[in-house]
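Please read the points below alongside the sequence and the coordinates.

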Amino acid sequence: MKPKYVIAGNWKLNKGPSETSVFVRDLSDQLTHEVKNSIDIIVAPPFTSLPFAKASGIYIGAQDVHWEDKGAFTGEVSAPMLKELGVQYCIVGHSERRLYFNETDRMINLKTCTLMRNGIKPIVCVGERLEERKAGLMNNVVRFQLSAALFDVEIKRPDDLVIAYEPVWAIGTGDVATPQQAEDMHEVIRQYLEKHFGINTGSEVRILYGGSVNTDNIAGLIEKDEINGALIGGVSLDLAKFISIIKTVTEKER
Ligand code: PGA
């Protein structure tokens, strides 16, 4: 069975509580039930906005989590705390966290495990840097990131885990991967998932593309068989553009 498309907005450090409540209310109001049922729509605001992100037919995502449930970890937020707020998805291993906060593959693995234990679906981000692509190392880099992030992970249902392929050179640069470049890497990821989690599960885990997705390039990306949706940064902050992307993907779903 073809998995349901996912369109996820990663708001990064944008939109506080009041902006968040207005945005999700308008988003939910402007989409029909049919659209909301046909694909999974996620918004991932900053932690303090999470309680204000509830709206019918829209899933709430966090952008990070700590791997311990509680303890002396100043400034951190745990998976049971996110769960209590009604968070259903959580981004882990975003390249900005790897780069600016020294997040390691081991931490990403621990975060993925705690989320799955607590019934929150991780959106695990992987992707090569430009110099790695230029050196032809991208497939190995992504396979390594997957093997580290998913070490000891058990997948009960294919939709309990989401992978996002986000080439670092495409994030926030306007330099989107071509649909074929994205599809080639999604095939590498798919093969990895099928090999390690079995054909039934591996073939249905959703793999999103992220990096400079916009209203013009989404149609070309979504044409590809292995692209099951998108993780969108900058453009997801604009309601009209986010809705336009959702509608393009819903059309494809029909
Ligand atoms: P972008 O960000 O869409 O602004 O390139 C994507 C992401 O960081 O997830």
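Which residues come nearest among those around the ligand?

1. Basis of the note. This is a predicted model, in which local features need pLDDT of at least 70 and side-chain atom pairs count only at pLDDT 80 or more, while totals for chains, interfaces and linings use all residues. Residues are numbered from 1 along each chain as its sequence is written, and side-chain values use heavy atoms, with hydrogens and water left out.

2. Ligand shell. The ligand has 13 residues around it, of which Lys-12, His-94, Glu-166, Gly-172 and Ser-212 come nearest; a residue is near if one of its heavy atoms lies within 4 Å of the molecule. The shell consists of four nonpolar, seven polar and two charged residues. In this division Ala, Val, Leu, Ile, Met, Phe, Trp, Tyr, Cys and Pro count as nonpolar, Asp, Glu, Lys and Arg as charged, and the others, Gly among them, as polar.

3. Ligand oxygen atoms. A polar side-chain atom of Lys-12 lies 2.7 Å from a ligand oxygen atom. For Glu-166, a side-chain N or O atom is 2.7 Å from an oxygen atom of the ligand. Gly-233 places a backbone N or O atom 2.8 Å from a ligand oxygen atom. On its own the ligand has 280 Å² of accessible area (Shrake-Rupley method, 1.4 Å probe), and the protein covers 94% of this area.

4. Cysteines. The disulfide count is zero, a disulfide being a pair of cysteine sulfur atoms within 2.5 Å. For Cys-90, the nearest cysteine sulfur is that of Cys-125, 9.7 Å away. Cys-90 is buried, at 0% relative accessible area, and Cys-125 is buried at 2%; buried means under 20% (1.4 Å probe, protein chains only).

Terms used:
A polar contact is a pair of N or O atoms within 3.5 Å; within protein, one must be able to donate a hydrogen and the other to accept it, and residues adjacent in sequence count only if both atoms are side-chain atoms. Buried means under 20% relative accessible area, exposed over 50%, partly exposed in between (1.4 Å probe, protein chains only).
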